[in-house]
There are 4 protein chains.
Amino acid sequence: MRIGVLTAGGDCPGLNAVIRSVVHRALTGHGDEVIGFEDGFKGLLDGHYRPLDLNAVSGILARGGTILGSARLERNRLREAAENCGEIQRRYGIDVLIPIGGEGTLTASRMLSDAGMPVVGVPKTIDNDISETDRTFGFDTAVTVATEAIDRLKTTAESHQRVMVVEVMGRHAGWIALESGMAGGAHGICLPERPFQVEDLVKMVEERFARGKKFAVICVAEGAHPAEGSMEYRKGEIDQFGHERFQGIGNQLAAELERRLGKEAKPVILGHVQRGGVPTAYDRVLATRFGWHAVEAAHRGDFGKMTSLRGTDVAMVPLADAVTRLKTVPTDRMYEAESVF
Amino acid sequence: MRIGVLTAGGDCPGLNAVIRSVVHRALTGHGDEVIGFEDGFKGLLDGHYRPLDLNAVSGILARGGTILGSARLERNRLREAAENCGEIQRRYGIDVLIPIGGEGTLTASRMLSDAGMPVVGVPKTIDNDISETDRTFGFDTAVTVATEAIDRLKTTAESHQRVMVVEVMGRHAGWIALESGMAGGAHGICLPERPFQVEDLVKMVEERFARGKKFAVICVAEGAHPAEGSMEYRKGEIDQFGHERFQGIGNQLAAELERRLGKEAKPVILGHVQRGGVPTAYDRVLATRFGWHAVEAAHRGDFGKMTSLRGTDVAMVPLADAVTRLKTVPTDRMYEAESVF
Amino acid sequence: MRIGVLTAGGDCPGLNAVIRSVVHRALTGHGDEVIGFEDGFKGLLDGHYRPLDLNAVSGILARGGTILGSARLERNRLREAAENCGEIQRRYGIDVLIPIGGEGTLTASRMLSDAGMPVVGVPKTIDNDISETDRTFGFDTAVTVATEAIDRLKTTAESHQRVMVVEVMGRHAGWIALESGMAGGAHGICLPERPFQVEDLVKMVEERFARGKKFAVICVAEGAHPAEGSMEYRKGEIDQFGHERFQGIGNQLAAELERRLGKEAKPVILGHVQRGGVPTAYDRVLATRFGWHAVEAAHRGDFGKMTSLRGTDVAMVPLADAVTRLKTVPTDRMYEAESVF
Amino acid sequence: MRIGVLTAGGDCPGLNAVIRSVVHRALTGHGDEVIGFEDGFKGLLDGHYRPLDLNAVSGILARGGTILGSARLERNRLREAAENCGEIQRRYGIDVLIPIGGEGTLTASRMLSDAGMPVVGVPKTIDNDISETDRTFGFDTAVTVATEAIDRLKTTAESHQRVMVVEVMGRHAGWIALESGMAGGAHGICLPERPFQVEDLVKMVEERFARGKKFAVICVAEGAHPAEGSMEYRKGEIDQFGHERFQGIGNQLAAELERRLGKEAKPVILGHVQRGGVPTAYDRVLATRFGWHAVEAAHRGDFGKMTSLRGTDVAMVPLADAVTRLKTVPTDRMYEAESVF
């Protein structure tokens, strides 16, 4: 069998572990060939690829990033890919394509699959917001990085009687904020799934100070926002690459709390450190398992699906089911965390 | 409601997170009272306990160990506890007992439950070998510590063309060896579940050297052992506390490999560093959830059960089901890891 | 002997290690008494203090923050302290005061010393900018945190062909930027000590991309600034606590680079995570040594001085020498780092 | 200029950082050529080497081990090298040799230098026992790894009322034990420099238990040993590679303490994890500076010397001075640590 593999979308610790696992399983388990397309679907369309043998994936298990590179692709070029599926498959002589990516990538994979390409997807997102899988690799690393930051901020907040506002990733789903907030013992957690009342946060902080606990740490997802009328809130300027600049919720919330409380409130915007670097052991194991099962699925002809963690098992689920809706934080999980506002 | 909580058995990162969570949920969620028994069941029998309020559990979320202490209890004293269940419950005025512990503790908890004590158990083990739950807290921390060690050993093995044998915990179940071996990219993994042939390990190392990969890391569970006749193997001397001394499998396997290969093979016995210290974010979240759900179960009168992770949910399962058999590594998981011998 | 100890100024990993060391040495080495003033000089003036015995400092060696708290003091209250030195000393019955703090604290300590108070200072600053000592504790931790962040950002920058701008602490001295930039292998380092030409950074990035190294990481001290006319640069708004908000150099430089390069350039502002949390082993050792030597100096009557690292020795240097000028990065150190702009 | 570089002796985090720094400085600073000999002096004698350009050292700054490999060389082959110095130099066309290594390597380097080879040495040892330099890279990483282990063991010792004996590296000098013992707050520290009385350790533990501190952590250097008559003590069997097996001081001391105290005492032998893996930021900076200065020294013709840390400066010291005696822990440093036995 000849397998094509690519990584697309934002960075996510564990991508290299999947690539390595695909190559190991394919080569040593089945005697397959594997080629890797560079910079995601771009490499597939533009003919940039290289063969991946055992040496090519040596030493990458614990490395962040992706040796294949990643890039965004314009919508119309994706359509081009879907329309020329058969031709593309013949051009590279591949029997199956294994795209590793997030929601956008999986949606694209589904398009290709519908157009006749044999596809086995591998979901990745640090945000943990892909449906039909208990978890995705990358998420544990992001939560770990964010938790370490909260751990550090807590002692400094306590010693200096301060409020700290930590902004973590999560535009549409608050999983990172929820779990790092729980793990770090944040006193307030704000999620995209539930607009918060600034007044409630102010009250919580004041009650803490009244009880002699003269500090507070608030963990806020970048996609969280205040309830209507709760505080003045401007979305940031959008730059040429479609990203907000400077004025994220973390900065604004800290300024607002400082104003209302008359106490120092410092923002910390963790940003891309949550996306890069050495994956945790958990993420390496999950990524390795996903790679292994993707190859097995390919050999069974189990196409149009993606790998998925279900309890302790890795199962295959239809791409169509995975991409219809985002997996957001349900209300009972917020309730468990207790400090969600 | 008045809740008694205790921790028993070996150390496990996350114990304090459970205690804190029980106290938080009980006090702020329900207006309960909580008392903590010291040194496990011993404190329950001997009347050593203290009230736990919010201050008592402040700052312990990320701390290893247990603020309540832990100790082994002799079998006959446990029977004494079971026989005097009603009296004990009245003595402390507790409506429910929440024991946090491993297989032995859960078995004892079941005895108390059968004898009429309202019990909600919380499973803990770094070995991940308790049935009826996907995972236990402590395990992720142990795997993380072992993986960091393997990461470090790999570079030194490679630079000095050596074989490294890392012995990790796991007397009856090989989960830590399996997952840290996968996460660290160990070239050989030996589990208690499957006796290994030394000859196969020798062959693997020789093939690696022949291919120019002049090093190997082998991850061996302390409970792993060679297949009959595969190598001379002595169980270690047993000390007065029932523990083996010096001559664990890691040391013996390294010596045997050195003999057969004529190459340096160094043992590293990680030991108790896998049991202590700051729990990972994953373990803190799981421990916190278990504590929260234990209190909820107590309020629902859902006794004789323990908390359990099922996919993304925390469920309650009968203690009776959990303690009948150990959860060992199944064959298909060994197969996935590829390097299990 | 009766010793008063206090911590003042910004947070710094290792403060607790000094406190613990002072108490250990004083109590077990000399049979002294130690009292700790709360919230810096404020506690000294307002009479907030508590006795510190061995139990009070148990378990704090590795904890960030300060168990004594810290707070800023207005200038005029400091003058008040200096004028009433004798009275203050008598009020608490202290034979020596050990203030642990940065430049401001040491200057205040010198004032008190000049006014007749027996003082032994202990320097602390994560910025490493105090003269007359090779290093200060806290610095190694800050560099370690910043380096870990750069490590993480590098893999993500590489995989996604991006420029990353990491802003680290250092308002007047660029030590953290210099050492974390060297340790992380940043391609550009900008220091307060030398205004940079944006054009040079642009050229460096373009040359990298031309050579096929399609990413760059730039490490910029918060106090770094562009050379006149090099780019439009606004100082941030100052809030009620005297801090800049939002528009630090990291954000502005990233935006400017993005504009000029036409490539994504992401800012990461590490902020207070560099100040808090568990100190590194290096900082714990240095802090412990400083505490020990401060007590010895007190017993020798070696007042008006502060502890200082000189090669491998801890020496005592006059406070007057230490506070006259800031220790900034000399030109030959910039030259060594090679990537300083 | 044409520079030859090699790494010899035991593994040490930071070796790759030196190699990278030598190449960077030589190529970009001076337009030199660099070749790297494989497996230490062996490569020099047997003609195994490769050119090192910027790509060859890309991404190795933070990697443990050495890309050049390392191996022991028999004494007589070293003599062979010394005798053929001129011929060797001509064979490779090198103007200078930069050997990076420990005491053995530096002694060999001195032999070559005396025989006429232009040599600039770079000292490395995790043990920190080379004279004429304040510190060596690798040491900070070893201390950090050992301290993290002690941190983890402390919580488990406390919760389970145990004695933990941690054996760290240091055959002839106790620096790692001293500094990790101080940083981890070990209650007892045993160094090769001072034979210990087991009785004193027993007394210390018993006093702790009597005071209600029912645990103790003892940090013992592998080269530490009991005072004559203090306890039965066997040196371990020596294997074919000259290493002791199984019966190190850590294991024997734990067994002896268990016997005398009647309390559980567990040994943890950290071993090679202290030698491998990602170097700390401190070690990367020091290694990078050493590499830079080695190249500068070469260009100045400052031969027969090695790089050395002196306060905040990197200086050059004669190899002859560095290798005459080992830098062991002086008595005043033991005194500072307080818990040295």
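Contact here means heavy atoms within 4.5 Å. By that rule, no contact joins chain A and chain D, whose closest C-alpha atoms lie 11 Å apart. Chain B and chain C do not touch either, with 11 Å between their nearest C-alpha atoms.

This is a predicted model, in which local features need pLDDT of at least 70 and side-chain atom pairs count only at pLDDT 80 or more, while totals for chains, interfaces and linings use all residues. Residues are numbered from 1 along each chain as its sequence is written, chains are lettered from A and ligands numbered from 1 in the order in which they are written, and side-chain values use heavy atoms, with hydrogens and water left out.

**Inside chain A**

Let us start with the domains, whose bounds come from an automatic or database domain assignment. Domain 1 of chain A covers 2-138 + 279-322, and domain 2 covers 143-275. Their centres, taken over C-alpha atoms, are separated by 34 Å. Domain 1 of chain A brings 11 residues to the contact and domain 2 of chain A brings 10. On the domain 1 side, these residues divide into three nonpolar, three polar and five charged; Ala, Val, Leu, Ile, Met, Phe, Trp, Tyr, Cys and Pro count as nonpolar, Asp, Glu, Lys and Arg as charged, and the others, Gly among them, as polar.

A:D11, A:I126 and A:D127 supply 49% of the area that domain 1 buries against domain 2 in chain A, more than any other three residues. One salt bridge crosses this domain interface (a side-chain nitrogen of Lys or Arg within 4 Å of a carboxyl oxygen of Asp or Glu). A:E179 forms a salt bridge with A:R135, and their closest N and O atoms are 2.9 Å apart.

| Parts | Buried area | Share on carbon and sulfur atoms |
|---|---|---|
| Domain 1 and domain 2 of chain A | about 860 Å² | 46% |
| Chain C and chain D | about 3,000 Å² | 52% |
| Chain A and chain C | about 3,800 Å² | 52% |

**Chain C with chain D**

Chain C and chain D each give 35 residues to their contact. C:W292, C:E336 and C:E338 supply 18% of the area that chain C buries against chain D, more than any other three residues. The interface holds six salt bridges. D:D151 forms a salt bridge with C:R284, at 2.8 Å between the closest N and O atoms. On the side of chain C that touches chain D, the largest share, eight residues, comes from α10(C). That side has 10 nonpolar, 12 polar and 13 charged residues.

**Chain A with chain C**

A rotation of 180° with 0.0 Å of shift along its axis superposes chain A on chain C, with RMSD 0.0 Å.

How values were computed
Buried area is the accessible area (1.4 Å probe) that two parts lose on being put together, summed over both. Helices (H or I, at least four residues) and strands (E, at least two) are DSSP runs, numbered from the N terminus. Copies are superposed by least squares on the C-alpha atoms of residues with pLDDT of at least 70 in both.
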